[in-house]
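Thanks, everyone. I'll keep this short and walk through one model, piece by piece. Please have the structure up on your screens.

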Amino acid sequence: MTAASAGPAPIVPVRAPRVPFAAAGRLLRLELRRNAMPWMVPLVAVLFWLITYRLSMAHPPLWNVRAMTMQTTASTVFVPIVVGTAAWLGSRERRSAITDLLAVTARPPWARKLATWVATTCWAVAAYLGCVAVLYVVTARQGAWGAPLWWPVAVGAASLPAFSALGFAAGALRPGRFTAPLVAVAAFLALELTAQFIHGDHSYWQVSPLVAGPWELAGDQGVATFYRYLPDLPIVQLMFAAGLTAALLGVLGLPASAGGRWLRRSAATITAAGLVAAGAAIWLAGTGRLDTHGMIAIPVLHNAADDRPIPYTPVCSATPIPVCLHPAYGSYLPAAAAALEPVLAELAGLPGAPVRISQAAATYRQEPGNDVYIGRDGPAMTETPPVYHLLLPVQYAGSTTTGAFAAEVRRQGGDIVNLVIGGGRSATGAQQAVAGALLKPSALPPGTPVAAAAQRFAALPPAARHTWLMEHVVALRAGRITLAELP
Amino acid sequence: MTTGAARELPAGPVPAGGVRTGLRLARLHLVSRRVPAALAAMAACAVALRIALHWQWDAYGALQLPLVFETGCAAAIAVATASPFGEPERATVRWLPLLRLGTALALTAVAVGVLTAAGIGAHLAGGQVDALRNIAGLTGIGLLCAAVLGGALAWTAPTAYLVIAVYALYTQWHGPALTTPWLWPARPPHDTGAALCAGLVFVLGMAAIAVRGARDTAGE
């Protein structure tokens, strides 16, 4: 340094930045560029493909099933990686031994840390949305009926800032090389534990982002198709995520080194508000109940307008009696129609026979523990005009094989026959024989008079059988036909 | 150092193969790798597992639980490979491969020991054989990751594997089941293929960490 340059430097007034947030934006840009999360994006993308995408694609293209499956599994995929990376970045200053160096910068430490957290969260959310976009685009291209469900996406996206804040706070408050792995594993464990503790529809643990509806109905095809996807639980989960995020970020601003008094008071206020919001969300989750449409309704948040059924135009088969399904289940129509067609051909046009087989919505009732009763919403047969309401096997929760699907639909075909000819538990011999003849293969014990009459009736030409039924079905249903009177 | 202390030093050169020197070298190596902290982390995992085993778990949860803590231990072992010295240490310490190998092996043995001990008197799903296989395989993954990404980020691979393994366990109840032996936590404890895969990954990880050590990353 020369003597000339050692003289007093001219005082240059520091200009205030023209744009108030320009410095913050520049800091954020730097953090986005220097962040570790982009390096984790390929890893989470692979995990998403392996777990979420493949599992979703194994289900039929139904928005409800795929979106709810996505919410549960994507949380599992993203949480440990995001938490670990955020913890690693949270301990960056101490790890790189630049704490003292940064202490003299103009920005308060809290603001500096928030910039790192925001950048980490932005990358995580961007990766999440990218993965979800691929899944949703593929689902839309497969012809899924209706509109995409956005609430599960929102819950997943909102949980990422919370988990990022959790990891970041752990890394910042307890910097060390073991913080990131331990916090990542602990967060994963905590997330999985929530699923273990859910018992019934009043569980507080439903606040977990893993939960996309009644826990034991996860992936059920019957929910959120005939009726709307209720936003009650997602709203509570968003509230919890926002509260947790605020509380954790506020904690970062509490230490004396985080900034000035005003800043620390603000941090304390944010922490308190966050804790209140998270606590309220947990309480609200505990007030949930399984509604008859299979979703968790929360009375305080519930909007009665969401209970209205979604209008739709059914897709129908060209069978003698049309089988009409909800368009979301259109892919099941050929199998359902094929299973019912032999029975429908016999019954078409008979007095009292249904003019249409229409798919019914399922109704749900919470049983002790995590058991859920699933049944038909309304009676099996309605009059004027007679319509039989069919419940597809896939609406009973869980997937089913092709053979089991056909067997269950055929069983309901037997119910239709019994309703038309008056069968059932107290059926007369003639009614049993006619039902046995129409439902092939017959379950009647061989060698009995009823079985012999059934064989005789089944051996008639279809036209003759149909003509006889046209003339006698009313009397048969009333129990006035004896076994001997059968042709 | 005081003058008095200086007087106590041996006058001649310290014998390179001396037991005391070797022990001091090993102690310094362990301290530089934060092995005490790694042991504390593993002890914490064991205590947490012990507490968790007091609850009643369904079959899926019972298998999942030890796996999470085994991953925690494996991640701690992998992270403990990070060296704060980098190239100078590589250039000067002759016994470094042996020290690295010994440290990793000892930590793995401790991890198996503490988690097995945590399961004594409780129902540890899969038993000791399962714990041994899973910890060995997960440690191998962590050590390989340390050799590629560096010690600081070595936890990512065991954690990612944990997510996949938990999913593989899930598929045992909600098919189609993933049955590849490379997902050994989802295989029965006495499955030979799974044990071979875990063992192979463990040996590869040990070899990589002994020969190459954890990758030095800038700024770490």
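Before the first helix pair, a word on angles: axes are lines fitted to C-alpha atoms, for helices over the stretch in contact, and the angles run from 0 to 180 degrees between N-to-C directions. Keep in mind that this is a predicted model.

Start in chain A. Find helix H3 of chain A, residues 63-90, and helix H8 of chain A, residues 179-196. Their axes lie 8 Å apart, and the packing angle is about 150°. Angles over 145 degrees count as roughly antiparallel. That makes H3(A) roughly antiparallel to H8(A). The crossing of H3(A) past H8(A) is right-handed.

Which residues make this contact? From H3(A), they are A:Ser75, A:Thr76, A:Val79, A:Pro80, A:Val83, A:Gly84, A:Ala87 and A:Trp88. H8(A) contributes residues including A:Thr179, A:Pro181, A:Ala184, A:Phe188 and A:Leu191. By class, the contact of H3(A) with H8(A) has 13 nonpolar residues, 4 polar and no charged.

Next, the sheet in chain A. How many strands does the open sheet have, and in what order? It has 5 strands, ordered E3-E4-E5-E9-E8 in chain A, with mixed pairing. Strand E3 (315-316) and strand E8 (381-382) of chain A are at the edges. Each has a single partner strand, so one side of each has no neighbour in the sheet.

A:Thr382 has A:Val387 as its bridge partner in E9(A). Now the helix on this sheet. H11(A) packs there and touches E3, strand E4 (323-325) and strand E5 (356-359) of chain A. The direction of H11(A) makes about 155° with that of E4(A).

There is also a hairpin to look at. Strand E6 (residues 362-366) and strand E7 (residues 372-376) of chain A run antiparallel, joined by 5 bridges. A:Ala362 is bridged to A:Arg376 in E7(A). Between the strands of this hairpin, E6(A) and E7(A), there are 5 residues. In that hairpin, A:Gly369 takes a positive phi near 70°.

Stay in chain A for helix H13, residues 429-438. Is H13(A) mostly covered or mostly open? Mostly covered: 9 of its 10 residues are buried. Among the buried residues of H13(A) are A:Ala430, A:Gln431, A:Gln432 and A:Leu438. What do they pack against? The buried residues of H13(A) pack against four helices of chain A: H11 (333-347), H12 (402-421), H14 (449-459) and H15 (462-477).

Over to chain B. Chain B has 9 helices and 0 strands. Its C-alpha atoms fill a box of roughly 70 × 35 × 30 Å along the principal axes. Chain B has 220 residues, and 45% of them count as buried. Take the contacts in chain B with a separation of 6 or more: 77% come from residues 24 or more positions apart.

Last, where the chains meet. The contact takes 24 residues from chain B and 22 residues from chain A. On the chain B side, helix H3 (35-52), helix H4 (59-79) and helix H8 (156-171) of chain B each give two or more residues. H4(B) gives the largest share, 8 residues. By class, the side of chain B that touches chain A has 16 nonpolar, 7 polar and 1 charged residues.

Note on methods
Residues are numbered from 1 along each chain as its sequence is written. Chains are lettered from A and ligands numbered from 1 in the order in which they are written. This is a predicted model: local features need pLDDT of at least 70, side-chain atom pairs count only at pLDDT 80 or more; totals for chains, interfaces and linings use all residues. Two residues are in contact if their C-beta atoms, placed from the backbone, lie within 7 Å. Ala, Val, Leu, Ile, Met, Phe, Trp, Tyr, Cys and Pro count as nonpolar, Asp, Glu, Lys and Arg as charged, and the others, Gly among them, as polar. Angles under 35 degrees count as roughly parallel, over 145 as roughly antiparallel, 65 to 115 as roughly perpendicular and the rest as oblique. A crossing is left-handed if the near helix is turned anticlockwise from the far one by less than a right angle, and right-handed if clockwise. A residue is buried if 20 or more other C-beta atoms lie within 10 Å of its own, exposed if 12 or fewer, and partly exposed in between; C-beta atoms are placed from the backbone. Two strands pair if DSSP finds at least two bridges between them.
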